[in-house]
Amino acid sequence: SSLDHSIGHAIQSVADRHSLRWVRRGPHTPARVINFLGSFQVALPLAGLGAVVAAVRQRGIRPVVAAVAGTVAALVLMYLGKRLIRQPAPRQHHLGAHALGSFPSGHMTTACVCYFVIVVLLFPAGGRGRRLALGAATVLCAVIGASLLWCDLHWFSDIAGAAVLSALCVMGAARLNRPPSGAAAVTAVRPESTALDQAGR
C-alpha cells in the first residue's frame, strides 16, 4: 500500500546512511541479533520453559495446554495469512508459485505470542509484576518489529497484522489458563471452611 511504501522509504532513507550501516550490515550486527530474538529457535523454547515453570507452580498441566494452543493457533493463522494474502516482501518483486508472502511477519508473530504468553502464564493478573512484565514484553516486541523494518525485511502492515493476530492468540491462551470458576470458588471457601471446622472441634 502507499502507507507501507511511505513508511518504508522514510525508514530506509535513514538506515541507508553511511554512518548507520553498521547497525544492520553483516550477520552479527545489532539489528540482526534483535531479529534473532523473534525466531522460532529462541522464542519457542523460552515459551515452553515458561509453560513448564507455570505448570509446576500451579501443579497442573493447564499452562502447557494454554501455551501450546496459543502458539499453534498463531502459527496456523500466520501460515494461512501468508498463503492467502501473498504479499511480497519489500525486496521481492514477485512471489513464486509455492512461496509464502510476508503478511503477517513470522518473526513478529512468534515474538509477540511467545513473550506475552510467558507473561500471562507466570505473572498473576492485576499484580504489579504483571504490569511490569507486560511493559517489558511490549518494549521487546516493539524493538523486534522496528528492527525488521530497519532491515527492510517487512512492511509496516506485516508488523501491525502480526501484532493483532498475536494479541488474539495470547488472549485465548490466557483464557485457557484460567482455573474453572467452580475451582476458584472452592479455593476461596476452603480457608473459611477449615476455620469453622477447627472452631467446632
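Begin by selecting Arg 24, which counts as buried because its relative accessibility is 6% (buried means under 20% relative accessible area, exposed over 50%, and partly exposed in between, with a 1.4 Å probe and protein chains only). The model on screen is predicted, so local features need pLDDT of at least 70 and side-chain atom pairs count only at pLDDT 80 or more, while totals for chains, interfaces and linings use all residues. Residues are numbered from 1 along each chain as its sequence is written, and side-chain values use heavy atoms, with hydrogens and water left out.

Asp 16 is partly exposed, at 36% relative accessible area.

Which residue forms a salt bridge with Arg 91? Select Asp 152, where the closest N and O atoms of the pair are 3.7 Å apart. This pair links distant parts of the chain, 61 residues apart, with Arg 91 in the loop between helix 4 and helix 5 (106–122) and Asp 152 in the loop between helix 6 (128–150) and helix 7 (156–177); helices here are DSSP runs of H or I, at least four residues, numbered from the N terminus. Arg 91 is exposed at 51%, whereas Asp 152 is buried at 18%. A search of the whole structure finds two salt bridges.

Finally, select Leu 77 in helix 4 (residues 62–85), which is partly exposed at 41% relative accessibility.

How values were computed. Helices (H or I, at least four residues) and strands (E, at least two) are DSSP runs, numbered from the N terminus. A salt bridge is a side-chain nitrogen of Lys or Arg within 4 Å of a carboxyl oxygen of Asp or Glu.
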